[in-house]
Each structure stands twice: as structure tokens, then as C-alpha cells.
Amino acid sequence: MDTLDYSERKDLKPAMLIINPVSGKRMVLRNVAQIIRVLMDAGYKVTTMITGKKGDGTAFAASFGRDYQLVCCTGGDGTLNEVIHGLATANIDVPLGYIPCGSTNDFAASHGLSTDIIEAAEHIASGYSTRYDIGCFGGRHFTYVAAFGAFSWLSYTTDQNMKNVLGHTAYILDAIKDLYKIKPLHMKVTADGVTHEDDYIFGAICNTTSVAGTITLPAAMVDTADGVFEVLLVKMPKTMLELDMIIRGLLSQDYSCPNIDLFQAKEMDIENPPELEWSLDGEASGVMDKVHVSGIKIIKSIFLCYFF
């Protein structure tokens with residue numbers, strides 16, 4: 001990409017770059033200048049915002065996003081979630097570029113996004129925008145998954161330094177020590193008028209092909225702009241044989257196991273045990289004090305810069 005002569009340019013477009021400095025292996029900090037250079041060469045005047053605590057990405061996007069023609073964020077899935085939540089809550093319709101540099105990067109894996117920081121910036125600068133469905137969960141937006149039950153807490157309880165050093169292995173080690181947490185949860189899920197009720201150990205409402213870096217949904221089934229969710233519910237196994245079938249089914253994408261329900265839906269009402277904690281895009285949503293959770297539906301689409 002040719003470097004612009006800024007002395008002759010009066011039409012630079014404003015862009016905001018939101019940076020999570022602690023995500024992944026903190027590699028983004030070594031590349032900030034290059035990211036800005038790439039965006040400047042594409043005709044953008046870049047303002048940087050550095051997150052310092054949880055919620056900053058949402059606040060920056062909601063408060064300032066309307067002043068820019070492009071919003072970019074660097075970090076993991078949680079950072080992307082915060083920024084999208086901010087844009088959606090403030091009803092700001094602006095292209096969003098994402099430079100994935102987290103520990104697992106489920107969203108990037110599902111969309112074939114480059115995890116090379118500079119290459120991802122170049123793709124944003126030269127790519128195009130497309131619509132992408134987002135969901136609303138009790139007033140909180142999610143980008144690709146709302147999950148409960150076994151191991152759904154790992155993304156936000158696993159130590160950040162451990163994730164930086166070990167990557168995906170950190171989640172596996174944390175999962176082993178948390179096996180005692182797995183217990184049946186009696187849930188009633190009414191999806192597009194059809195009721196699914198049982199004791200479940202895990203559930204995920206998805207708009208992605210990859211969940212937690214280990215569960216992969218059929219690519220032919222997932223369309224991220226079709227207005228429907230993919231819903232995965234795993235029933236409590238009664239025997240070791242059933243547990244073995246569940247694990248094999250999830251790892252091999254064989255969803256014919258009777259303990260696994262996989263279906264699609266536009267809207268859902270969920271009745272769950274009191275004080276159930278959900279995970280939204282790998283981040284804690286907080287304990288749900290009400291037994292009845294409703295309003296899970298795709299409420300709007302958001303422009304995402306696509307990077308090809």
C-alpha cells in the first residue's frame with residue numbers, strides 16, 4: 001500500500017481504534033504504530049482509545065462511535081463483544097473492524113479472519129463491509145454465543161497470565177480442576193414455539209461455527225446473517241457410556257447422539273434455575289436472579305469490515 005502525501009490530503013476520514021492492551025500475549029502493544037500507519041495510508045485520521053478496565057470498550061463505542069466513519073478494536077472476543085454492545089446500545093450504524101489478538105479467538109476462527117495483527121489491519125483498510133447478526137440477551141448484546149453450564153465459565157475465570165503463556169491449553173487445565181462444578185440444570189427452552197425441557201449440563205445459543213475452540217458446528221448449517229441462531233443443548237448423562245458418547249459426538253461433529261439437541265431458532269424464552277450464571281461471548285453476564293429469561297432474539301445487524 002502506497003504511503004499518502006498528507007500535505008495534499010484534506011479529506012482524511014476519522015477512525016477510532018480501541019485497544020485492549022492486556023489481551024492475548026500483549027502483542028498488540030508492539031504493533032500499535034504499524035496498525036495506525038496502515039489505517040492512515042488507507043485515508044483515515046486515527047484516534048486511539050486504550051481500555052483500562054472492564055466496560056471501557058462499551059463506553060468508548062457508545063460515547064464516541066457516532067463521530068467516526070470507522071471503528072476498529074483490537075483484543076479478544078470479550079473486547080469485540082464490549083464494542084458491539086456499545087454501538088448497538090447507542091444505535092450507531094458504523095463499519096466495525098476487528099483485529100483479533102486474544103487467547104482463543106473463536107470469532108476469528110469462525111470467519112477465517114487473520115490473527116496476524118498487521119495483516120488483519122491491512123484487510124480492514126482494503127476490505128469491504130457486510131451485515132452480521134447480533135443477539136440480545138436480557139438487554140445485553142452478544143456477538144456469537146450465549147452459554148451456560150459445564151465449562152462455559154472458563155473464558156472469564158482462567159487467569160489472564162496463564163492464557164497469555166499457554167494459550168488454549170490454559171482452558172483445558174482449568175477445565176480439569178473444575179470438573180466438580182458440573183451438575184444437572186433443569187431448563188425449559190421454548191424456541192419458536194417448540195419446547196425443549198430436560199436436565200442439561202451445557203447449552204449454547206450460537207451464531208458461529210466454533211465455540212470455546214473445541215466445539216465445532218457444521219459450517220453448512222451456520223449463516224451469520226440469516227436471522228436465526230443455532231442452539232446446542234447437552235443433556236445430563238446417566239451412565240459413563242452416555243458421557244463417552246457425548247464427548248465423542250461433540251469432538252467429531254456427530255450430533256446424532258440422543259443426549260445432544262441441535263436445532264435452529266429465531267427467538268427463545270428460557271426458564272432456568274434461580275441465580276444461573278451465563279457466559280456471553282466468553283465473558284460473565286452476571287447471575288440471573290429471575291427464573292424466567294426472555295427476549296433472546298436477533299434485534300439488528302451490524303456492519304463488520306470483512307477482510308479479504
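**View 1. K13 lies over the face of Y44, at 4.4 Å from the ring centre.** A charge is taken to sit over a ring if NZ of Lys or CZ of Arg is within 6 Å of the ring centre and within 35 degrees of the ring normal. The model shown here and in the views below is predicted, so that local features need pLDDT of at least 70 and side-chain atom pairs count only at pLDDT 80 or more, whereas totals for chains, interfaces and linings use all residues. Residues are numbered from 1 along each chain as its sequence is written, and side-chain values use heavy atoms, with hydrogens and water left out.

**View 2. The rings of F107 and Y132 form an edge-to-face pair.** A search of the whole structure finds 5 aromatic pairs, where rings of Phe, Tyr and Trp (its six-membered ring) pair if their centres lie within 6.5 Å, and planes under 30 degrees apart count as stacked, over 60 as edge-to-face and the rest as tilted. In the pair of F107 and Y132 the centres are 5.2 Å apart and the planes stand at 75 degrees. F107 belongs to helix 4 (residues 106–111) and Y132 to strand 5 (residues 128–137), 25 residues apart; helices (H or I, at least four residues) and strands (E, at least two) are DSSP runs, numbered from the N terminus. Both F107 and Y132 are buried, which means under 20% relative accessible area, while exposed means over 50% and partly exposed in between (1.4 Å probe, protein chains only). Ring pairs also link Y98 with F107 and Y132 into a cluster.

**View 3. The rings of F137 and W278 form a tilted pair.** Their centres lie 4.8 Å apart, with the planes at 55 degrees. Because F137 lies in strand 5 and W278 in strand 15 (residues 276–280), the pair ties together parts that are 141 residues apart in sequence. F137 is buried, and W278 is buried as well.

**View 4. N91 has a positive phi, near 55 degrees, although N91 is a residue other than glycine.** N91 is found in the loop between helix 3 (77–89) and strand 4 (96–100), and with 58% relative accessibility N91 counts as exposed.

**View 5. D192, also a residue other than glycine, has a positive phi near 50 degrees.** The loop that holds D192 runs between strand 8 (185–191) and strand 9, and at 45% relative accessibility D192 counts as partly exposed.
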